[in-house]
Amino acid sequence: MGTFIVRRILIAMSVALTISIVSFMLLHLSGDLATSIAGPEATAEQVEQIRTDYGLDRPIVNQYLDWLGGALTFDFGRSYYYQSTVVDLIVDRMPITLTLGGLALALAISISIPLGVLAALKRDTWIDRLALLFAVVGQAMPSFWFGLTLIVVFAVTLQWLPAAGSDGWQHFVLPAIALGYYATPAMMRLTRTGMLEVLESDYIRTARAKGLRTGSVIFKHALRNAIIPVVALAAVELGFMLGGSVVIESVFSLNGLGQLAWDAISRNDYPVVQAVVLIIALFYIVLTLLADVANAALDPRIRTR
Amino acid sequence: MSRLEVNNLLEVKNLRVDLPVEAGTLHAVRGIDFHVERGEMLCLVGESGCGKSMTSLALMGLLPRKARLKADRLQFDGIDLTTLSERRRSDLRGARMSMIFQEPMTALNPAYTLGNQLCEGLIRHRGVSRQEARERAIYLLERVGISAARDRLDQYPHQLSGGLRQRVMIAMALMCEPDLIIADEPTTALDVTIQAQILRLLRELQQEFGTAVIFITHDLGVVARIADRVAVMYAGEVIESAPTPTLYANPGHPYTRGLLSCIPAPGKTPPGSRLQAIPGVVPSLVGHVEGCAFRNRCPQAQPICERTPPLMSLSGDHRARCHYADRPVSAPPQPETIS
């Protein structure tokens, strides 16, 4: 298990490095940064001034190595727009996105797995069909529209919960539901298929032949095996929710990382863009790593291979 | 041979298992009678699809959900299994009757250690501590010939070969000292050398622990010989049952004779000669089956075979379901020596 984790961490680090190189290059290939920072009305001298001030005239490899050196010590430079460092901005916004993503995932897991197990156990009954309907609606409905519907119903009409802002836990309920519902169908259906497959397997028959109680057969013997692919999916879904919560964050006016990235892109705030891209990539990498470790913990065939 | 029914561990009368299929109803088991005495080994022999596995699942209460079971009597140690609730049934399973399956590679849960899977049944049924259960598991693993048993408890199924896994399954079946073990083709998926070891082991354990065994196989040649009695199944019926020596010496049903003549005998069957086979195929069991199910393949079929033959008693415990069981039309094959 130890060497397994070390090997995975080394792979994860090389992936992170590759992503940082690719994103840095893409940003610099997307056009002349000095021109876009200076704006359309700037003179040629002003553009040249910005180019030398920001060090954009130096070879791109040197620029990257400088940036990497800073990044390794958590120094991502200063924002071009806000009067603060990039790190401060991210530290400021991250808790909101993490809270939202964490809540949404917790919600998605606590609904999708029991529902998937139930649908599999009650296969081809009305319960199964209802669960399927719930999944299809979740997959088909755009998350911004669902978010707006929630606002109309629970914030405007019933006035149970606030529509915007991020001051207290109440502000996270509706966005977490909107984001969590989006992640639920895939996990639910994977749980259902996994359970159906596992329940047919020989070792479930063995477990029943031992006279084990139904709960033990379903939860100890079946779910443990059916859940393995769901864990990997959950990690990807969380990565998506952290990186891709831009829509939900703007619907509910939550000042999170997604909102920051969106603003930074529209304001040509390159140090912020670069840093947020890296942070989100790191989220994905760490989550994939955690999913691998969790899979290995669940499936002995992986860890002893 | 005692036929006092109170002494029988298992009594089966007119057991039927029907499975709904697309084309209608599949009569997988069509009214079979048999009994198992305490501590004896009964061998259930038949081709694939003859209903032998369905019979074993019916006894264990593990039939597929859609299957329908009917029986005039299905009694285990005086307990009526047909009216038993699922909960009471699960109290019996693994505790008083346990099962060994055909496929050792997939019959163990890949996610749990052998120790965990060996112990859980005993803990469930007897309420013993994990430590006591582990001691019993180690004892039984050693008994079934697994070395370094204590270390094996912490291993996972994928770290073991098929033969070892089947030994683990046997140990698992013995954990609660059941009165009856149903072994459904436990050696079919294994190499021939391993097969012989496992067979010998099962026979030894059966005699040592006094456990009754229903051994299910398609192999009338080698495997069935270890049993005390043999019941031959064909198309969902028991067509002949007898003590093992009687069956081999004096088979009463043409199907049994056919099966026996299919077995090549070392030293007797000339090298390069064609092996015997029973011509034709097993009839479909979907829908109503009338008359003797074997008549289309039977070398001595007569018009009377259109009618369902009665179960004829030949001698003592020897019965065969054939109109001609007591007066064979063709001479029986050479009796073979029984070890």
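User: How far apart do the C-alpha centres of domain 1 of chain A and domain 2 of chain A lie?

Analyst: In this predicted model, the C-alpha centres of domain 1 of chain A and domain 2 of chain A lie 32 Å apart, with domain 1 covering 2-72 and domain 2 covering 86-303.

User: What makes residues of domain 1 of chain A and domain 2 of chain A count as being in contact?

Analyst: Two residues are in contact if their C-beta atoms, placed from the backbone, lie within 7 Å; the contact takes 16 residues from domain 1 of chain A and 14 residues from domain 2 of chain A, so these residues are counted by that cut-off.

User: Which elements give two or more residues to the side of domain 1 of chain A that touches domain 2 of chain A?

Analyst: They are α1 (2-29) and α2 (33-38) of chain A, and α1(A) gives the most, with 12 residues.

User: How do the residues of that side of domain 1 of chain A divide into nonpolar, polar and charged?

Analyst: The side of domain 1 of chain A that touches domain 2 of chain A has 12 nonpolar residues, three polar and one charged.

User: How many residues does the contact take from chain B and from chain A?

Analyst: Chain B contributes 25 residues to the contact and chain A contributes 20 residues. On the side of chain B that touches chain A, the elements that give two or more residues are α2 (86-92), β7 (97-100) and α3 (114-126) of chain B, and the largest share, four residues, comes from α3(B). The residues of this side of chain B divide into 11 nonpolar, nine polar and five charged.

Technical notes:
Residues numbered from 1 in each chain as written. Chains lettered and ligands numbered in written order. Predicted model: local features only at pLDDT ≥ 70, side-chain atom pairs only at ≥ 80, totals over all residues. Domains from an automatic or database assignment. Nonpolar A, V, L, I, M, F, W, Y, C, P; charged D, E, K, R; others polar.
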